[in-house]
Amino acid sequence: MSKISIKKICKIVFLIVAISFMLLHMISIPINKKYDAIEIKLDDPSYLEKCTVSLDGSYQFNFLSADTFKGRITVSTYPRTYDKMEKVDITKKDGYPLSYGTYDNLYQFAMLSSDVLLNNIVLLVYSNPMYEDNKSRPLDINHVGWSSTDGYCIVPSVSTREDAIEKLSELGWVYKP
């Protein structure tokens, strides 16, 4: 091969890669998933509630920042998650808060931890959830957070507390004793 053909091949490969990145960045991927899940409380081995987590929206890849999800993530046992949801940045390592409501009445429900395309998700429910046992109670703005020792966790695609703890441990959110 001559130098000219190698340069042409390199240019063509570069153009294909660049165009692929641009197209992937511009295209929103529809997400419509429904998971059977369980909610556990880390400091209470007897607490286990079954629920359903639904995702409906579009996923956008971003190369210079976190990927984003626009749509709705709902939890069957938390009625206020059916309210309008803010856009979510997808960051597996740190998680990202799920905020619901309107501009003048916005509240945070949980921290979302996820892989690319919202696979392997976990919801870390803030210590003062909007509803506990389906009962309404006010959200105390001064006491919102998640604790790795006594927090509530919603873990899809598992059916036992042990499997949920294992998944949370794999993602680095809790440490198994």
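**The main core**

Which residues have the most contacts inside the largest nonpolar core? They are V53, I73, L112, L118 and I154, in a core of 28 residues. A nonpolar core is a set of buried Ala, Val, Leu, Ile, Met, Phe, Trp, Tyr and Cys residues joined through side-chain atoms within 4.5 Å. Buried means under 20% relative accessible area, exposed over 50%, and partly exposed in between, with a 1.4 Å probe and protein chains only.

Two or more residues of this core come from each of β1 (28-41), β2 (44-60), β3 (67-75), β4 (88-90), β5 (96-102), β6 (105-113), β7 (122-125) and β10 (152-156). Strand β2 gives the most, with 5 residues. A second, separate core has 16 residues, among them L124, V155, A164 and W173. In soluble globular proteins, nonpolar side chains tend to be buried together.

**Basis of the model**

This is a predicted model, in which local features need pLDDT of at least 70 and side-chain atom pairs count only at pLDDT 80 or more, while totals for chains, interfaces and linings use all residues. Residues are numbered from 1 along each chain as its sequence is written, and side-chain values use heavy atoms, with hydrogens and water left out.

**Overall layout**

The protein has 2 helices and 10 strands, in the order α-β-β-β-β-β-β-β-β-β-β-α along the sequence. Helices (H or I, at least four residues) and strands (E, at least two) are DSSP runs, numbered from the N terminus.

Of the 177 residues, 39% are buried. Contact means heavy atoms within 4.5 Å. Among contacts between residues at least 6 apart in sequence, 49% join residues at least 24 apart.

**A buried threonine**

T68 belongs to strand β3. Is this residue buried or exposed? T68 is buried, because its relative accessible area is 9%. Apart from neighbours within four places in sequence, its contacts are S58, Y59, Q60, N62, K87, V88, D89 and I90.

**Aromatic rings**

The whole structure holds 4 aromatic pairs. Rings of Phe, Tyr and Trp (its six-membered ring) pair if their centres lie within 6.5 Å; planes under 30 degrees apart count as stacked, over 60 as edge-to-face and the rest as tilted. The ring centres of Y100 and F109 are 6.2 Å apart and the planes are at 75 degrees, so this pair is edge-to-face. Y100 and F109 are both buried, and ring pairs link Y78, Y100 and F109 into a cluster.
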